[in-house]
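I opened this model to see what I could learn about its packing. These are my notes, in the order I looked things up.

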Amino acid sequence: MKKVRIILTAVFFLWIAAYFISFGFDDDSEIISNGIAIVPIKGVISPEDSNDILRGSGMGSDTIINNLKRAGDNDGIKAIVLEINSPGGTVVSSREVANYVKSLSGKKPVVAWIREMGASGAYWIASGADVIVADEMSITGSIGVLSSYLEFSGLLEKYGVRYERLVAGELKDVGSPYRDLSETEKRLMNVKLKKIQDLFVKDVAENRKLNEAQVNEIKSGFFYLGIEAKDLGLVDVLGGREEAIAKAKELAGIEDGKVVEYKTKKSILELIEKFTNKAFFNIGRGIGLSLFDNEIENRLEIMAL
């Protein structure tokens with residue numbers, strides 16, 4: 001226990017020191033001209049940044065939009081490259097970013113660079129750019145909407161556990177994992193998903209100026225390789241970072257330009273906070289292992305990913 005107290009005391013003082021030191025740093029001090037801004041869109045897109053142990057890390061729409069705004073407001077930035085490596089995200093968050101990208105049209109050229117994956121909501125965002133560059137083997141498209149959940153009423157029944165349904169409103173518990181969806185409920189959910197998909201497809205079709213045949217092809221929700229997406233009109237140029245930067249310079253009418261990464265920098269306070277979280281996790285893990293050392297070999301850890 002003495003060792004634990006020493007670790008906790010050290011973490012506490014590090015956290016306090018970082019709190020005051022962090023005020024002395026300014027992330028927006030760079031002065032540039034003829035710059036090309038690289039704005040990353042990585043991981044699952046949601047309302048807030050996330051670093052979930054089970055579901056992985058992702059970026060919040062507020063963070064992405066803030067980075068886009070910083071690049072847009074900087075007179076030294078002549079074009080923006082969206083570095084996309086994302087499977088998509090929540091409908092509202094994806095649409096918020098997509099709308100902001102479109103709002104930059106006519107102000108500064110925007111090039112979307114799909115590195116490995118630009119699917120679903122991430123492609124929605126990319127479609128608002130002036131030009132889309134993608135690797136031949138990248139995953140693009142997947143223009144559809146998904147809603148799913150785990151249903152384990154049968155498992156509960158097997159072990160004699162019963163779900164007592166008490167609701168004020170017949171459809172209040174739609175999607176509860178403790179019971180099956182009725183046919184009426186499935187129909188109602190599909191109607192809502194269809195409305196979202198129609199809006200998604202409409203936006204992409206308008207952004208990319210797709211014809212009816214192309215729209216009918218993409219609304220299946222299937223994904224395409226970059227080389228296939230180009231044939232379908234979903235991608236303009238096959239390539240990577242260099243091609244995306246070159247296209248951005250071409251659209252901006254500049255030959256040379258400094259490439260600037262517009263990503264949210266972690267303050268010392270945030271880094272110490274991350275360290276603190278890991279420290280507490282490892283302390284708890286160590287205590288847990290010491291208490292349950294005899295049982296650990298027989299445990300099966302199940303994780304929902």
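Predicted model: local features only at pLDDT ≥ 70, side-chain atom pairs only at ≥ 80, totals over all residues.

From H2, the residues Ser61, Ile64, Ile65, Leu68 and Lys69 meet Ser93, Glu96, Val97, Tyr100 and Val101 of H3. I sorted the residues of this contact by type and got six nonpolar, two polar and two charged.

Next I looked up the geometry. Helix H2 covers residues 61-73 and helix H3 covers residues 91-103; their axes come within 9 Å and cross at roughly 10°. That crossing makes H2 roughly parallel to H3, because angles under 35 degrees count as roughly parallel.

**The nonpolar cores**

Which residues have the most contacts inside the largest nonpolar core? I found Leu68, Ile80, Leu82 and Leu234, in a core of 44 residues. H4 gives the largest share of this core, five residues. I noted that Leu68 also sits in the H2 contact with H3.

I then took Ile80 by itself. Leaving out residues up to four places away in sequence, Ile80 touches Ala37, Val39, Leu68, Ala71, Gly72, Leu104, Pro109, Val110 and Val111. There is also a second, separate core of twelve residues, with Val111, Val131, Val133 and Ala248 among them. As background, nonpolar side chains tend to be buried together in soluble globular proteins.

**A buried glutamate**

Is Glu83 buried or exposed? Glu83 is buried, as its relative accessible area is 5%. I placed Glu83 in strand E5, residues 77-86. Apart from neighbours within four places in sequence, Glu83 is in contact with Ile38, Val39, Pro40, Ile41, Lys42, Trp113, Arg115 and Glu261. I wrote down Lys42 and Arg115 from that list, along with Glu261.

**Aromatic pairs**

How many aromatic pairs does the structure hold? I counted three. In one of them, the rings of Trp124 and Phe200 have centres 4.5 Å apart and planes at 15°, so I logged the pair as stacked. Trp124 is in helix H4 and Phe200 in helix H6, so this pair ties together parts 76 residues apart in sequence. Trp124 counts as buried at 3% relative accessibility, and Phe200 counts as buried at 2%.

For Phe222 and Tyr224, the ring centres are 6.5 Å apart and the planes are at 85°, so that pair is edge-to-face. Here Phe222 counts as exposed at 52% relative accessibility, whereas Tyr224 counts as buried at 6%. I also noted one aromatic cluster, formed by Phe222, Phe223 and Tyr224.

Last, I checked backbone angles. Ser120 has a positive phi of about 50°, although it is not a glycine. Ser120 is in the loop between strand E6 (110-119) and helix H4 (121-126). At 17% relative accessibility, Ser120 counts as buried, because the cut-off for buried is under 20%.

Lys209, another residue other than glycine, has a positive phi near 55°. I found Lys209 in the loop between helix H6 (183-208) and helix H7 (212-218). Lys209 counts as exposed, with 73% relative accessibility.

Key. Residues numbered from 1 in each chain as written. Heavy atoms only, no water. Axes fitted to C-alpha atoms, helices over the stretch in contact; angles between N-to-C directions. Helix = DSSP H or I, 4+ residues; strand = E, 2+ residues; numbered from the N terminus. Parallel < 35°, antiparallel > 145°, perpendicular 65-115°, else oblique. Contact = heavy atoms within 4.5 Å. Nonpolar A, V, L, I, M, F, W, Y, C, P; charged D, E, K, R; others polar. Buried < 20%, exposed > 50% of the residue type's maximum accessible area, 1.4 Å probe, protein only. Core = buried A, V, L, I, M, F, W, Y, C linked by side-chain atoms within 4.5 Å. Phe/Tyr/Trp six-rings, centres within 6.5 Å; stacked < 30°, edge-to-face > 60°.
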